[in-house]
Amino acid sequence: FIIGEDGNIYEGRGWTKVGAHTLNYNRVSLGISIMGNFMRVTPNIKALKAAQSLIKCSASRGYLALNYTLKGHRQLGKTNCPGKALYQVIQKWPRWG
């Protein structure tokens with residue numbers, strides 16, 4: 001899934017197809033990307049709320065385990081993704097691990 005700062009959620013491969021976002025984790029994870037560079041600035045509130053809404057929706061529909069653990073891309077591979085500023089934000093979200 002890709003999220004714009006307009007608050008819209010765009011479906012890439014969706015819930016039922018295996019993504020290609022994080023080596024060795026594609027089959028057991030849901031990939032969400034917010035468009036932009038978030039090394040120094042955070043996404044706007046519309047994008048952040050859309051991401052949180054997508055996570056909740058995915059869990060409530062059974063596409064994400066209710067006991068999921070939220071991780072940033074950089075925890076699972078050598079990357080700066082999702083950017084320093086966004087990484088600091090998501091560490092405060094529920095189920096961070």
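This is a predicted model: local features need pLDDT of at least 70, side-chain atom pairs count only at pLDDT 80 or more; totals for chains, interfaces and linings use all residues.
**View 1. The largest nonpolar core holds 19 residues.** Ile3, Ile34, Ile55, Leu70, Leu86, Ile90 and Trp93 touch the most other members. Helix H1 (45-60) and helix H2 (84-90) are the elements that each give two or more residues to this core. H1 supplies the largest share, with seven residues. In soluble globular proteins, nonpolar side chains tend to be buried together.

**View 2. Ile90 and its contacts beyond its sequence neighbours.** Ile90 is among the core residues that touch the most other members. Which residues does Ile90 contact, leaving aside neighbours within four places in sequence? They are Leu70, Gly72, Pro82 and Trp96. Of these, Leu70 is also listed with the core residues that touch the most other members.

**View 3. Ser58, a buried residue in helix H1.** Is Ser58 buried or exposed? Its relative accessible area is 0%, so Ser58 counts as buried; the cut-off is under 20%. The side chains of Ser58 and Trp15 are joined by a polar contact of 2.8 Å. Not counting residues up to four places away in sequence, Ser58 touches Leu30, Tyr63 and Leu64 as well as Trp15.

View 4. Ile2 lies in strand E1 (residues 2-3).

Methods:
Residues are numbered from 1 along each chain as its sequence is written. Side-chain values use heavy atoms; hydrogens and water are left out. A nonpolar core is a set of buried Ala, Val, Leu, Ile, Met, Phe, Trp, Tyr and Cys residues joined through side-chain atoms within 4.5 Å. Buried means under 20% relative accessible area, exposed over 50%, partly exposed in between (1.4 Å probe, protein chains only). Helices (H or I, at least four residues) and strands (E, at least two) are DSSP runs, numbered from the N terminus. Contact means heavy atoms within 4.5 Å. A polar contact is a pair of N or O atoms within 3.5 Å; within protein, one must be able to donate a hydrogen and the other to accept it, and residues adjacent in sequence count only if both atoms are side-chain atoms.
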